[in-house]
Amino acid sequence: QVQLVESGGGLVQAGGSLRLSCAASGSIFSINDMGWYRQAPGKQRDLVAVITRSGTTNYADSVKGRFAISRDNAKNMMDLLMNSLKPEDTAVYYCKMDIRDVWQRVVVYWGQGTQVTVSS
């Protein structure tokens, strides 16, 4: 049993910053890719940022230069630092991890989602 728990969401004014965290617990051998996705009302769930186990990152064009994804493999944790937030960043943010269990199976897990609201 693996669980992802997200934290750090909330209400912030435009131009402000938030840091989201995602922690995995349970039967984990290793974690491959980690990523953050977001879904606004009436919109599809889109990739925000992804980070590989070795630290290679990719970002959606809309957040490049403003957001930074990071991970701590020893703690099975991942963060998303969001700077210069804009109202269009308002969405439910979900963390996602590709987790390898002791039987060498890779299973995708999702966090419960955390609301980020940016006021104008």
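Student: Which residue in E5 is the bridge partner of Tyr 37?
Tutor: Leu 47 is the partner of Tyr 37 in E5. Keep in mind that this is a predicted model.

Student: How many bridges do E4 and E5 have, and in which sense do they pair?
Tutor: E4 pairs with E5, residues 46-51, over 5 bridges, in the antiparallel sense.

Student: What about the hairpin there, which residue takes a positive phi?
Tutor: Gly 42 does, with phi near 75°. The hairpin of E4 and E5 has 6 residues between the strands.

Student: And which strand does E4 join over 8 bridges?
Tutor: That is E9, and the two run antiparallel. Within this pairing, Arg 38 has Tyr 93 of E9 as its bridge partner.

Student: Changing topic. How many disulfides are there?
Tutor: The count is 1 disulfide. Cys 22 and Cys 95 form it, with their sulfur atoms 2.1 Å apart.

Student: Which parts does that pair tie together?
Tutor: Cys 22 is in strand E3 and Cys 95 is in strand E9, so the bond links parts that are 73 residues apart in sequence.

Student: Is the disulfide right-handed or left-handed?
Tutor: The torsion about the S-S bond of Cys 22 and Cys 95 is about 55°, so the disulfide is right-handed.

Student: Are the cysteines buried or exposed?
Tutor: Cys 22 counts as buried because its relative accessibility is 0%. Cys 95 is also at 0% relative accessibility, so it counts as buried.

Student: Back to E3. What is the order of the strands in its sheet?
Tutor: The order is E1-E3-E8-E7, an open sheet of 4 strands with antiparallel pairing. Its edge strands are E1 (2-7) and E7 (67-72), each of which pairs on one side only. From one strand to the next, the twist averages 15°.

Student: How many bridges join E1 to E3?
Tutor: There are 6 bridges between E1 and E3, residues 18-26, and the strands run antiparallel.

Student: What about E7 and E8, which sense do they pair in?
Tutor: The antiparallel sense, over 6 bridges. Phe 67 stands opposite Met 82 in E8.

Student: Which residue takes a positive phi in that hairpin?
Tutor: Asn 76, with phi near 55°. The hairpin of E7 and E8 has 4 residues between the strands.

Student: Last topic, the surface. Which residues form a nonpolar patch?
Tutor: Phe 29, Val 102 and Trp 103 form it, and together they have about 380 Å² of accessible area.

Student: Where is Val 102?
Tutor: Val 102 sits in the loop between strand E9 (91-100) and strand E10 (106-110). E9 is also the strand that holds Cys 95, and it is joined to E4 by 8 bridges.

Notes. Residues are numbered from 1 along each chain as its sequence is written. This is a predicted model: local features need pLDDT of at least 70, side-chain atom pairs count only at pLDDT 80 or more; totals for chains, interfaces and linings use all residues. Side-chain values use heavy atoms; hydrogens and water are left out. Two strands pair if DSSP finds at least two bridges between them. Axes are lines fitted to C-alpha atoms, for helices over the stretch in contact, and angles run from 0 to 180 degrees between N-to-C directions. Patches are made of residues with over 30% relative accessible area and no salt bridge: like charges are joined within 9 Å, nonpolar side chains (Val, Leu, Ile, Met, Phe, Trp, Tyr) within 5 Å. Accessible areas come from the Shrake-Rupley method with a 1.4 Å probe; for residues, only the protein chains shown count as cover. A salt bridge is a side-chain nitrogen of Lys or Arg within 4 Å of a carboxyl oxygen of Asp or Glu. A disulfide is a pair of cysteine sulfur atoms within 2.5 Å. Buried means under 20% relative accessible area, exposed over 50%, partly exposed in between (1.4 Å probe, protein chains only).
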